[in-house]
2 protein chains.
Amino acid sequence: MSTPHAILIALLEKPSSGYDLARRFDRAIGYFWRATHQQIYRELGRMVEAGWVAVMDGDALAQASQEALPAATRRKVYRVLPVGRDEVARWVRETRLGVDDRNAFLLKLRADAAIGPLGLGDELLRLIDEHRARLDTYREIEQRDFAGHALTNAQQLQYAILRAGLLQQQTWLEWADGVRPLLGLPASERGVAN
Amino acid sequence: MSTPHAILIALLEKPSSGYDLARRFDRAIGYFWRATHQQIYRELGRMVEAGWVAVMDGDALAQASQEALPAATRRKVYRVLPVGRDEVARWVRETRLGVDDRNAFLLKLRADAAIGPLGLGDELLRLIDEHRARLDTYREIEQRDFAGHALTNAQQLQYAILRAGLLQQQTWLEWADGVRPLLGLPASERGVAN
DNA sequence: TCGAGCATGTAAGTTGTTACATGATTTA
DNA sequence: TAAATCATGTAACAACTTACATGCTCGA
């Protein structure tokens with residue numbers, strides 16, 4: 001639905017190649033919006049046609065930067081044109097978001113309630129590990145980027161985005177702790193505090 | 001991805017017509033899994049072909065129940081066959097879930113940080129209302145279905161599903177409260193406690 | 001020189017969305 | 001009898017997923 005806009009926003013923050021974008025969507029951006037390289041290349045193609053972004057290939061890049069680059073490669077760097085920037089502003093203004101939260105694990109719990117027990121304990125433990133790992137990552141980013149100095153307005157917004165992730169993981173882990181006994185697992189050592 | 005299984009689970013809980021399912025997905029089930037009537041009818045058709053569910057039309061229903069029904073209508077009631085039940089169990093066992101959380105509002109915040117301000121205050125207020133309304137709904141369900149009496153194992157699982165929703169809404173509202181000043185909104189009266 | 005990672009794409013199939021379409025039943 | 005709601009579908013398109021496919025570059 002909003003994948004092209006997710007890509008535009010990523011490019012506004014920093015012009016990138018399709019490959020770079022794919023990696024960025026595997027990291028920071030991917031924490032709240034996922035996109036595969038196939039989606040990315042397809043959308044980049046469409047957005048070039050639509051005139052939202054422009055592409056600079058290896059030769060153009062070599063010309064643009066004074067220094068001679070290490071031979072023109074196939075690498076294409078995309079940047080957002082004014083029309084694309086306007087499109088982002090339009091999308092932000094005009095799209096009415098709803099409360100949207102698909103959760104397949106809750107679906108599984110519901111199946112367990114209906115025809116269980118189905119042995120969901122292992123998966124709960126695996127998900128706890130994953131959420132804990134992500135929480136740790138968020139905390140590292142917090143320390144690295146937002147600790148101990150004054151923040152600009154844009155940085156405060158970025159911090160708010162990170163806090164959304166932090167809170168979400170913490171809340172999920174607390175909740176999961178209460179689910180453990182319902183799936184036949186022992187209670188965790190000293191609460192979730194970790 | 002898991003829409004057919006969401007439908008199977010709903011049918012396991014209670015055999016229903018396509019229309020009934022659509023309404024159930026607009027209410028309780030829809031709080032963590034959405035499906036439109038078009039998806040539902042398509043999947044029901046596929047699952048009948050696959051032998052996962054069976055359909056009883058008006059005539060068959062009239063025969064099955066002793067009492068004479070108010071004339072055979074077009075209404076078709078679907079129920080899960082043993083094969084479908086096995087398929088649910090298989091899906092629960094074999095599907096490895098990940099941490100999945102697309103959040104278009106965070107995307108918008110990121111756009112605001114990059115090229116803002118884009119006037120996101122109104123949308124934040126609207127979302128706060130929506131989340132608050134949903135929180136109220138959850139609390140009503142909690143009082144109605146889970147208050148003041150012992151719960152069976154299945155009920156405890158259903159309560160855990162509800163608690164996931166409750167916590168999610170509360171956490172989101174707390175977070176949103178901290179975002180208000182960043183979007184030029186006044187702080188809320190006495191915190192989020194409501 | 002070989003393997004890992006860089007870099008860009010196509011193809012096919014499944015899901016999800018939006019719009020269109022029809023007719024029956026119930027209630028005011 | 002008209003409107004609202006019940007009830008079931010089709011069609012077209014857009015988005016997403018999975019698998020396939022190719023070739024370059026850089027460091028060990």
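**Entry: a helix and its neighbours**

I began with the buried residues of α1(A), which pack against α2, α3, β1 (53-56), β2 (77-80) and α5 (82-94) of chain A together with α6 of chain B. For packing I used the contact rule: two residues are in contact if their C-beta atoms, placed from the backbone, lie within 7 Å. Helices (H or I, at least four residues) and strands (E, at least two) are DSSP runs, numbered from the N terminus.

Next I asked how covered α1 (residues 3-13) of chain A is, and found eight of its eleven residues buried. They are Pro4(A), His5(A), Ala6(A), Ile7(A), Leu8(A), Ile9(A), Ala10(A) and Leu11(A). Buried means that 20 or more other C-beta atoms lie within 10 Å of the residue's own; exposed means 12 or fewer, and partly exposed is in between, with C-beta atoms placed from the backbone.

**Entry: ground rules**

I noted that this is a predicted model, where local features need pLDDT of at least 70 and side-chain atom pairs count only at pLDDT 80 or more, while totals for chains, interfaces and linings use all residues. Residues are numbered from 1 along each chain as its sequence is written, and chains are lettered from A and ligands numbered from 1 in the order in which they are written.

**Entry: how the two chains meet**

I laid chain B on chain A: a turn of 180° with a shift of 0.0 Å along the axis gives an RMSD of 0.1 Å. This is the relation of a two-fold axis. The superposition is by least squares on the C-alpha atoms of residues with pLDDT of at least 70 in both copies.

Which residues make the contact? I found 54 residues from chain B and 54 residues from chain A. On the side of chain B that touches chain A, α8(B) gives the most, with 14 residues. By class, that side has 31 nonpolar, ten polar and 13 charged residues. Here Ala, Val, Leu, Ile, Met, Phe, Trp, Tyr, Cys and Pro count as nonpolar, Asp, Glu, Lys and Arg as charged, and the others, Gly among them, as polar. I also saw that 100% of the interface residues of chain B are interface residues in chain A too, so the copies meet through the same surface.

**Entry: DNA strand C**

I counted 17 residues around DNA strand C, the closest being Ser17(A), Gly18(A), Tyr19(A), Thr3(B) and Gln38(B). Near means a C-beta atom, placed from the backbone, within 6 Å of the strand. Two or more residues each come from α2 (18-26) and α3 (37-50) of chain A, and from α3 (37-49) of chain B. The largest share, three residues, belongs to α3(A). This surface has five nonpolar, nine polar and three charged residues.

**Entry: domains of chain A**

I wrote down domain 1 (3-94) and domain 2 (104-183), with bounds from an automatic or database domain assignment. Their C-alpha centres lie 30 Å apart.

**Entry: one residue up close**

Leaving out residues up to four places away in sequence, Ile128(B) touches Leu173(B) and Ala176(B).
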